[in-house]
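I opened my notebook to look up a few things in this structure. Here is what I went through.

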Amino acid sequence: MTWLWERLPVGGGLRDEDWARRHRLLTVLLAVIMVILTVFGAFRPDTGPTLLVTDGLILTSVLVGTRSWSRRLRSVAVALGYAVACGGFVSLSGGLTESHFSFFVAVAALALYRDWAPFGVFLIATTLHHSVFGVLVSEHTYDHSSAQNHPFTWALLHGAAVLFAAGFQVVQWSLTEAEEERAQENLDESQAQLSVSFDETPVPMVMIAPDGRLLRTNGAYREWLRLPDVLPSGFTVADLPIKAVEDGVQSMYDTIRESEDPLTLTRQYRRDDDGSLIWVQIHSTNLYDRDGELKLTFVHLLDVTSVRNHEAELRHQVRHDSLTGLLSRKAFEHDLSLLLAESAEPVSVIYLDVDRFKSINDATGHTTGDDVLRALALRLTSVVPVGALTARLGGDEFIVAVAGPAGIGLRVGNGILASLAEPLQVPGGEQPIALSVGVTTASGPLPAEEVVLAADTAMYAAKRAGGNRLQVFTDELRVPVQERIAAEARLRTALADDMRESLPLWFQPVVSTVTGEIIGAEALVRMRTPDGRILSPFHFIGAAEETGLIVPLGEHVLREAVAHLLRWSEDLGYVSVNVSPRQLAEPDFVPVVANLLAGIPGFDPSRLVLEITETALLSSTVDVSERLEALKNLGVRIALDDFGTGYSSLTWLKSLPADIVKLDRSFVAGLAEDKRKASIISAVLWLTRSLSMSTIAEGVEEAADWYALQAAGCPAVQGYFFSKPLPAPEFSQMLADGVTVESKGITPFGGVHLNETTGTAVAG
């Protein structure tokens, strides 16, 4: 019995709105049945009292079912009304057997209540009707004699049939309750999962009704917007303590609500409490019912303020120079392109370069150099017109672009120069600087690179003219720039090819004035173009120095010169190689020379001479004496080239560890006819001998100069008089033939004799 009892439906579990809907249906249906019975009874004979009683009782049931406050009482009243209606229908039909089917219909109808009270009341009323009325008024209850004679038996049969029908309704009812219980458990589990995922997630989430009311919020949302845990009734999106910068919160919700697909938006908002700006990424999904009507909008939000700020910082870093805060090169060229395309007026570009900035770095350090660049950037921004583009291109180069009438670039450039009459204020004191300024003006959508190049060209012209001045660009200035670019391209191509073929070495002999024989040679690089032309260093050394390509070029010359010297080991005493200022400044130059010598076992390092010009000494950024001492320690010899053309030649002789002094050709040409030159050369020769140095006279082209140098006691000469620079094969043949000055028709001593004490030729 307990097992059976546990499987009976509990009943009474309908929600109020569901129960009310079913009760309304059954009540209206009962009223309709009353009307039908009234019409049916009107056409039956002798139904007056029965019809009146039936209608009166049904009407009472309808009224009680409509007005009673108790849910159960209202349903019981309707159930009694259905019992009366069924009994009245049986009575009005004269106990017709088929009329009893109405009880089965009513049982199914009242099962909609899923409540034992109306269901049980109807079953009891049905049993009483069949038994009591079957005895008292059997002719109105049953239409056959057997039932009239045995009313209790037929009441039992009818009651059992109704109970069977009711039993199946109870089974259906019980199964429905079980299914609903499982569904509710699933729903509860889903609700619990939703609560966990919705309420406990750290991501702000909100559910919004179609009218903008906030249906549900999670803790992260309330904390993010600083809302109370319990929101006031009717709280809407318009009441949120933030406002969109571009448009209102409500209009943003309108955009979300009108989107049929999931939507992702990023908007900036301002908080009402402190006015701070935040960036919010909004992800929204609209939920619709089966009729396509919007039920709610599910929104989750991400505060991406830090991400946006980081992105803005990165964009600023990309567009701005980290040292000065001015525009970067890339940003300037981009903005200049837009300015050229959009400006109705000409655009002037002013290119600026700090004169002798390297000296500032060398003298005061790179920290002070950076301070100077920052101070210069501030000075520029205070001088240039508002709205001008100002950038640092790199190093000590700056650039300004300003749109305006013709001549504005010249005025701004001169204004910048004038502003630097006052020294820059830097930590630790004042720093005076000067600028070389180039100005160009362009109109229309020209390439930014072309305009910048024109201003750059004008700036270099100003710098070559001495600096601290302004130069306006002209087409004539473009020619040397184009030549420099072409020279650089040729040099890069040659360095990328087989350098022995593309950059061959030529050699000019150095001849002893004592023996008239070749004692050494200077290695001179040439360039062979793809079409077979041979170019002198004039066409590419300048570009090599400016671009830094002189470093790989110089290393190639050094290695090839030593390689040729090894091949001519029996016929040539030494080979000399020119070293540029850029090479000398390279920190790995000394190791390169050391590795080269270490790779030639048994080689005498003194047979390698490195020629350094006074220009290299003056412009070098390293301690020249220290670098040359390191080279001397390797065993190589040092030659001071172009001696006499600088500002402090005698100082260099005293302070540098040179082995050879090469007299510049300006002292040699016309020596025989110029007594002052002869006196100078004699003094230099005396000085070098006293310092244990050797001397070579360059640029000897006439026999008279040869004899004069012999007479002065110069130990060696070099020049076209003996031979111009020759390709390696021709120079090799010259060495093989043993050519001496006697081939020129003169003797080595030519009227002079050899001083056995000094080893030099002197007049006889």
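**Entry 1: a network of charges**

I began with Glu-522, Glu-611, Lys-662 and Glu-698, which are linked in a network of salt bridges. I wrote down the rule: a salt bridge is a side-chain nitrogen of Lys or Arg within 4 Å of a carboxyl oxygen of Asp or Glu. By this rule I have 22 salt bridges.

Two notes on the source. I am reading a predicted model, where local features need pLDDT of at least 70 and side-chain atom pairs count only at pLDDT 80 or more, while totals for chains, interfaces and linings use all residues. Residues are numbered from 1 along each chain as its sequence is written, and side-chain values use heavy atoms, with hydrogens and water left out.

Then I looked at one pair of the network. Glu-522 forms a salt bridge with Lys-662, and their closest N and O atoms are 3.2 Å apart. Glu-522 lies in strand 15 (residues 518–525) and Lys-662 in strand 21 (residues 660–663), so the pair ties together parts that are 140 residues apart in sequence. I noted how such elements are set: helices (H or I, at least four residues) and strands (E, at least two) are DSSP runs, numbered from the N terminus. Are Glu-522 and Lys-662 buried or exposed? Both are buried. The cut-offs are under 20% relative accessible area for buried, over 50% for exposed, and partly exposed in between (1.4 Å probe, protein chains only).

**Entry 2: a neighbour of that network**

I moved on to Gln-718, which is found in strand 23 (residues 716–718). Gln-718 has 4% relative accessibility, so it counts as buried. Which residues does Gln-718 contact, leaving aside neighbours within four places in sequence? Among them are Glu-522, Lys-662 and Glu-698. The list also includes Gln-508, Pro-509, Val-510 and Ile-696. Contact here means heavy atoms within 4.5 Å.

I checked Lys-463 next. Lys-463 forms a salt bridge with Asp-355, with the closest N and O atoms 2.9 Å apart. The pair links distant parts of the chain, 108 residues apart. Lys-463 is in helix 16 (residues 448–464), and Asp-355 is in the loop between strand 7 (347–354) and helix 13 (357–364). Lys-463 counts as partly exposed, at 27% relative accessibility. Asp-355 counts as buried, at 6%.

I also looked up Arg-213. Arg-213 forms a salt bridge with Asp-211, and the closest N and O atoms are 2.8 Å apart. Arg-213 is partly exposed, with a relative accessible area of 36%. Asp-211 is partly exposed too, at 49%.

**Entry 3: helix 4 and helix 5**

I turned to a helix pair. The axes of helix 4 (residues 71–92) and helix 5 (residues 101–110) come within 9 Å and cross at roughly 165 degrees. Helix 4 is therefore roughly antiparallel to helix 5. Angles over 145 degrees count as roughly antiparallel, under 35 as roughly parallel, 65 to 115 as roughly perpendicular, and the rest as oblique. Axes are lines fitted to C-alpha atoms, for helices over the stretch in contact, and angles run from 0 to 180 degrees between N-to-C directions.

I listed who makes the contact. From helix 4, the residues include Ala-79, Tyr-82, Cys-86 and Phe-89. From helix 5, they are Ser-102, Phe-103, Ala-106 and Leu-110. By class, I have nine nonpolar, two polar and no charged residues. In this scheme Ala, Val, Leu, Ile, Met, Phe, Trp, Tyr, Cys and Pro count as nonpolar, Asp, Glu, Lys and Arg as charged, and the others, Gly among them, as polar.

Val-84 is also in helix 4. Val-84 is partly exposed, with a relative accessible area of 22%. Val-84 touches Thr-54, Leu-57 and Ile-58, not counting residues up to four places away in sequence. The C-alpha atoms of Val-84 and His-129 are separated by 9.0 Å, and these residues are 45 apart along the chain.

**Entry 4: positive phi in loops**

I looked up Asn-468, which has a phi near 55 degrees, a positive value in a residue other than glycine. Asn-468 sits in the loop between helix 16 and strand 13 (469–472). Ser-692 is not a glycine either, and has a positive phi of about 60 degrees. Ser-692 is in the loop between helix 27 (675–690) and strand 22 (694–698). Ser-692 is exposed, with a relative accessible area of 68%.
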